[in-house]
Amino acid sequence: MVLIHSNKDKFHNDFECVTGVILNKYPNPYVKHILSIDTIDRHLNEDGTKLFSTRLIRKQGKLPMWVTYLIGATGGSKVNESWLIEHSVVDRSTKTLKTYVKNLDHVKYLQVIERTTYQWDPLEKVTNVASDVTFTCNAIQQLSLKTKIETMARSKFEESVKRSRLGMSLVMQRIEAMQREQV
């Protein structure tokens, strides 16, 4: 079974501001679970209209005791830390940013894939956000347990999205304040 979470949002900021924040959103006080983020690759296409980035993200989180028991873990950083890979493409010509994020470890138990598109709307003067996240429990055969794991992961993800949006708003406010000071 696969559980899907879809989310739509709007940022009342221009595309350049939103893109800058997405590429520089860590660290911020609302997402303390992100331990580190490293850019593995960043390059432009030949005509300079698209920026491609690949980043490695290390995050921390507590798993419920029943999950650690289920996966045979005894605790420690291997269970409470996770690695993610993020691929993003910023298209200046269409004012679109697309991100693709997935976990690199614990995939035997749970694969989480997030696809997000940020699109500038010149008529409304907002950046629209559309996100789809799939949660797939692979190792467990019992359907009720699979559903419980996927539902728990989705619930934790929804909390994380709220904190992430707060953090992004904070960073956008900082950027806009700096821009006003420069004028």
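A nonpolar core is a set of buried Ala, Val, Leu, Ile, Met, Phe, Trp, Tyr and Cys residues joined through side-chain atoms within 4.5 Å. Buried here means under 20% relative accessible area, with exposed being over 50% and partly exposed in between (1.4 Å probe, protein chains only). Keep those two ideas handy for the tour.

Before you click: this is a predicted model, where local features need pLDDT of at least 70, side-chain atom pairs count only at pLDDT 80 or more, and totals for chains, interfaces and linings use all residues. Residues are numbered from 1 along each chain as its sequence is written, and side-chain values use heavy atoms, with hydrogens and water left out.

**Stop 1: the core**

Select Phe-11, Tyr-118, Met-168 and Met-172. These are the residues with the most contacts inside the largest nonpolar core, which has 15 residues. Now colour helix 1 (15-23), strand 6 (110-121) and helix 4 (143-182), the elements that give two or more residues to this core. (Helices are DSSP runs of H or I with at least four residues, strands are runs of E with at least two, and both are numbered from the N terminus.) Which element gives the largest share? That is helix 1, with 6 residues.

Zoom in on Met-172 and show what surrounds it. Leaving aside neighbours within four places in sequence, Met-172 is in contact (heavy atoms within 4.5 Å) with Phe-11, Asn-13, Cys-17, Val-18 and Val-21.

**Stop 2: helix 1**

How many of its 9 residues are buried? The count is 7, so helix 1 is mostly covered. Pick them out by name: Phe-15, Cys-17, Val-18, Thr-19, Val-21, Ile-22 and Leu-23.

Show its side chain and follow it to Lys-95: the two form a salt bridge, with the closest N and O atoms 3.1 Å apart.

**Stop 3**

Next, select Lys-125, in the loop between strand 6 and strand 7 (126-137). Here phi is near 60°, again a positive value in a residue other than glycine. Is Lys-125 buried or exposed? Exposed, at 55% relative accessibility.

**Stop 4**

The structure holds 4 salt bridges. In general, side chains of opposite charge can pair when their charged atoms come close.

Select Glu-124 and Lys-10, whose side chains meet in a salt bridge (2.8 Å, N to O). Glu-124 is in the loop between strand 6 and strand 7 and Lys-10 is in strand 1 (residues 2-11), so this pair ties together parts 114 residues apart in sequence. Glu-124 is partly exposed at 45%, and Lys-10 is partly exposed at 38%.

Now try Arg-58 and Glu-81, another salt bridge (3.1 Å, N to O). Arg-58 is in strand 3 and Glu-81 in strand 4, 23 residues apart.

**Stop 4: Asp-105**

Asp-105 is in the loop between strand 5 (96-103) and strand 6, and is buried at 19% relative accessible area. Leaving aside neighbours within four places in sequence, Asp-105 is in contact with Glu-81, Ser-82 and Trp-83. Draw a distance from its side chain to that of Ser-82: a polar contact of 2.8 Å joins them. (That term means a pair of N or O atoms within 3.5 Å; within protein, one must be able to donate a hydrogen and the other to accept it, and residues adjacent in sequence count only if both atoms are side-chain atoms.)

**Stop 5: a hairpin**

Finish with strand 2 (residues 34-44) and strand 3 (residues 50-60), which run antiparallel and are joined by 9 bridges. Strands pair if DSSP finds at least two bridges between them. Select Arg-42 and look across to Ser-53, its bridge partner in strand 3. The hairpin has 5 residues between the strands, and Gly-48 takes a positive phi near 75°.
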